[in-house]
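User: Hi! Could you walk me through this one? I'd like to start with the charged pairs.
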Amino acid sequence: MGDGMTDKGIIKEVHQRLKDRSIHPSGTFDNAGRWYSDNADLINVRSPSRSWPYSQMCACRTKKYVAAVANKFSCKTLTELMECI
């Protein structure tokens with residue numbers, strides 16, 4: 001295991017960085033200010049609307065999402081996982 005961390009430790013570290021806003025999930029904003037995730041297939045949440053423009057962003061800051069990204073992209077190190085988020 002790279003970075004001297006376990007899989008759970010890597011997921012926990014990335015999750016904490018997302019919560020602290022030191023890193024951000026990948027995605028784009030539209031003209032109305034709604035944010036869409038680049039990995040929307042990994043979350044089960046309502047589509048962004050004018051009333052709830054950050055629904056996908058909030059879902060992409062969860063530990064469940066971080067674990068799903070690690071699994072989908074077979075990330076083994078902290079650096080790999082941060083690049084995929």
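Analyst: Happy to! A salt bridge here is a side-chain nitrogen of Lys or Arg within 4 Å of a carboxyl oxygen of Asp or Glu. Keep in mind that this is a predicted model. With that cut-off, Asp-41 pairs with Lys-72, their closest N and O atoms being 3.0 Å apart.

User: Which parts of the chain does that pair link?
Analyst: Distant ones: Asp-41 sits in the loop between strand E2 (35–37) and H2, while Lys-72 is in helix H3, 31 residues apart.

User: Is Asp-41 buried or exposed? And what about Lys-72?
Analyst: Asp-41 counts as exposed, at 54% relative accessibility. Lys-72 counts as partly exposed, at 42%.

User: How many salt bridges does the structure hold?
Analyst: Three. One of them joins Glu-13 and Arg-17, with the closest N and O atoms 2.7 Å apart. Another joins the side chains of Asp-30 and Arg-34, at 2.7 Å from N to O.

User: Where do Glu-13 and Arg-17 lie?
Analyst: Both are in helix H1, four residues apart, which is about one turn of the helix. Glu-13 is partly exposed at 27% relative accessible area, and Arg-17 is partly exposed at 26%.

User: Let's stay with H1. How many residues does H1 have, and how far does H1 reach?
Analyst: H1 has 13 residues and reaches 18 Å from first C-alpha to last, close to the 18 Å expected at 1.5 Å a residue.

User: Which residues of H1 are buried?
Analyst: Ile-10, Ile-11, Val-14, His-15 and Leu-18. Those residues are on the same side of H1, because they cover an arc of only 130° around the axis. Lys-8 and Lys-12 are exposed on the other side.

User: What covers the buried residues of H1?
Analyst: The cover includes H3 and H4.

User: New topic: the core. What has the most contacts inside the largest nonpolar core?
Analyst: That core has 18 residues, and those with the most contacts inside it are Val-14, Leu-18, Tyr-65, Val-66, Leu-81 and Ile-85. Helices H1 (7–19), H2 (55–59), H3 (63–72) and H4 (78–84) each supply at least two residues of this core.

User: Why would such side chains gather?
Analyst: In soluble globular proteins, nonpolar side chains tend to be buried together.

User: And which residues does Tyr-65 touch?
Analyst: Leaving out residues up to four places away in sequence, Tyr-65 touches Ser-37, Asn-39, Leu-42, Ile-43, Ala-59, Cys-60 and Ile-85.

User: Last one: what follows H1?
Analyst: Arg-21 follows H1, and its phi is positive, near 65°.

Terms used: Residues numbered from 1 in each chain as written. Predicted model: local features only at pLDDT ≥ 70, side-chain atom pairs only at ≥ 80, totals over all residues. Heavy atoms only, no water. Core = buried A, V, L, I, M, F, W, Y, C linked by side-chain atoms within 4.5 Å. Buried < 20%, exposed > 50% of the residue type's maximum accessible area, 1.4 Å probe, protein only. Contact = heavy atoms within 4.5 Å. Expected span 1.5 Å × (residues − 1). Arc of directions from axis to C-beta.
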